[in-house]
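Dear colleague,

Please find below the structure that I am handing over to you. My findings follow directly after it.

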Amino acid sequence: MNSALLPMFWPFCIFVLMILVIGFYCILVTYNLIRALIGVELLMKAATLLLILVGYITGQTALAQSLVITLIVVEVVVMVVAAGIILRIYSHTDSVDVRDLLKLKDKDKTNA
Amino acid sequence: MLGHLNLLLLIILLVSALWTVLTRSLIRSAIGLALTSAVLAVIIFRLGSPLAAVCELSVCAGLIPVLFVSTISLTHPRTQAEKLEHRRGRLKRFIFLPFVALGLGLFLSLMKLPLNIPSPLAQRVYDVREVIWNMRSLDLIGQVIIFLAGVFGVVILLKEIKSHE
């Protein structure tokens, strides 16, 4: 580990935590499914920055890069499948509002 | 220690993340996300990881916003009455976010950092190709499986939509 780089860890960490909070807040507060997905994406950005930062400070940038590439692959697949699910929900309820998903139960009752 | 340019980039990253969440339009949110990813790619490049920066820039700043824009364009926009109602509720819900984020940043910056981070015991390798292809080759198989799972998932989801129409 490069001890000369250690003082930059905490300032970067503060920004990482702030972006994490922004992502969590977005997921918790919004009713829009697409915006919730944007919140998840922000969480992943914070995780990416933290991984790269730790790799830089410990001198293991190669390992950190391989982990980040794996993370990016997972991120893309999660986003694609989630977007597909949102479109499926939209075709079913005609809305991307989370509150409209509560009506699914009533819909099933009327169909039955 | 942090560097003026790094600090500036981190502030731009934070502001663009805030704008992504706070802006009313979903299209603008998607553009904000692309901007956040682009700034993050520059930071990653400056932290000595060029390959990860290229992946971040091409995939996260290029592909994912396009995915969001196509999802947004496939759903219908709100009516004027819905927009007005949404605007009122939205301000109430999101007004605390800048204060929460900046308050947390201020609180953490005043805290003392425990600087005794243990060094990892993993073998030190300097070439990313060596890590990807030799050390973590099982990860590659996992990535291929995840890709296939994603492709099959989307095919099934979109097929269902088509058959319903």
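Before the remaining findings, some notes on conventions. This is a predicted model, in which local features need pLDDT of at least 70, side-chain atom pairs count only at pLDDT 80 or more, and totals for chains, interfaces and linings use all residues. Residues are numbered from 1 along each chain as its sequence is written, chains are lettered from A and ligands numbered from 1 in the order in which they are written, and side-chain values use heavy atoms, with hydrogens and water left out.

The two chains

Chain A has 4 helices and 0 strands, while chain B has 7 helices and 0 strands. Of the 112 residues in chain A, 61% are buried (under 20% relative accessible area; exposed means over 50%, and partly exposed lies in between, with a 1.4 Å probe and protein chains only). In chain B, buried residues make up 33% of the 165 residues. Contact means heavy atoms within 4.5 Å. Among the contacts in chain A with a separation of 6 or more, 55% are between residues 24 or more positions apart; for chain B, 53% of the contacts between residues at least 6 apart join residues at least 24 apart.

Helix α2 of chain A

This helix has 26 residues and reaches 38 Å from its first C-alpha to its last. That is close to the 38 Å expected at 1.5 Å a residue, where the expected span is 1.5 Å times one less than the number of residues. The helix is mostly covered, with 20 of its 26 residues buried. Just after α2(A), A:G59 takes a positive phi of about 80°.

The nonpolar cores

A nonpolar core is a set of buried Ala, Val, Leu, Ile, Met, Phe, Trp, Tyr and Cys residues joined through side-chain atoms within 4.5 Å. The largest one has 61 residues, and those with the most contacts inside it are A:F12, A:I22, A:L49, B:I43 and B:F68. At least two residues of this core come from each of α1 (9-29), α2 (33-58) and α3 (61-93) of chain A, and from each of α1 (4-22), α2 (26-46), α3 (50-74) and α5 (97-110) of chain B. The largest share, 13 residues, is supplied by α1(A). Apart from this core lies another, of 6 residues, among them A:A62, A:L63, B:V131 and B:I132. Leaving out residues up to four places away in sequence, A:I22 touches A:L42 as well as B:L14, B:A17, B:L18, B:V21, B:L97 and B:A101.

The interface

The contact between the chains takes 64 residues from chain A and 84 residues from chain B. About 6,900 Å² is buried between them, and carbon and sulfur atoms give 79% of that area; buried area is the accessible area (1.4 Å probe) that two parts lose on being put together, summed over both. A:W10, A:Y25 and A:R35 supply 10% of the area that chain A buries against chain B, more than any other three residues. A:R35 is also among the contacts of B:T23, a residue in the loop between α1 and α2 of chain B. B:T23 counts as buried because its relative accessible area is 7%.

Salt bridges

A salt bridge is a side-chain nitrogen of Lys or Arg within 4 Å of a carboxyl oxygen of Asp or Glu. Together with A:E41, the residues A:K45, A:E75 and B:E56 are linked in a network of salt bridges.

With kind regards
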